Amino acid sequence: MPRKGSFSAAEAARALGISLDTLRRWDRTGRIRTERDAANRRIVPAAEIERLKGGEADRMSARNHFRGVVREVKVEGLLAQVELDVTEPARVVAIITRDAAEELGLKPGVSAAAVVKATSVMVEL
């Protein structure tokens with residue numbers, strides 16, 4: 001059970017959409033700030049989760065959310081294929097409308113996120 005304003009490592013990992021091993025690695029490398037409880041277990045402040053989620057916690061119901069950098073945008077007709085290099089060792093490719101790609105200003109090097117819901121992948125900034 002989390003203390004007021006903090007989460008266990010497992011709860012924090014779920015909230016961030018990452019594995020517990022990834023959360024531990026982030027802690028070791030300083031990417032996430034954790035505290036320790038009386039039993040020396042990792043505790044993650046709610047503010048730290050908000051910081052890592054970009055202040056947009058609970059805005060979407062999708063559980064799979066990947067931050068990354070746009071590698072390539074291929075436009076053909078009305079569609080645009082957006083390829084992201086995500087933080088975790090994976091690559092996500094989304095097919096979105098050309099208008100959406102242009103509206104978001106997607107191009108190689110731009111930071112973006114892929115949100116996976118069922119078999120669809122949406123792109124957000």
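Which residues in H1 meet Leu20, Leu23 and Trp26 in H2?

## Basis of the model

This is a predicted model, in which local features need pLDDT of at least 70 and side-chain atom pairs count only at pLDDT 80 or more, while totals for chains, interfaces and linings use all residues. Residues are numbered from 1 along each chain as its sequence is written, and side-chain values use heavy atoms, with hydrogens and water left out.

## The two helices

Helices and strands are DSSP runs numbered from the N terminus (helices are H or I, at least four residues; strands are E, at least two). In H1, the residues that meet Leu20, Leu23 and Trp26 of H2 are Ala9, Ala10, Ala12, Ala13 and Leu16, where contact means heavy atoms within 4.5 Å. The residues of this contact of H1 with H2 divide into 8 nonpolar, no polar and no charged, with Ala, Val, Leu, Ile, Met, Phe, Trp, Tyr, Cys and Pro counted as nonpolar, Asp, Glu, Lys and Arg as charged, and the others, Gly among them, as polar.

## The sheet

An open sheet of 3 strands has the order S1-S3-S2 with antiparallel pairing, and two strands pair if DSSP finds at least two bridges between them. Strand S1 (6-8) and S2 are the edge strands, each pairing on one side only. S2 and S3 run antiparallel and are joined by 2 bridges; Arg36 has Arg42, in S3, as its bridge partner.

## The loop residue Asn40

Asn40 lies in the loop between strand S2 (35-36) and strand S3 (42-45). Although Asn40 is not a glycine, its phi is positive, at about 65°.
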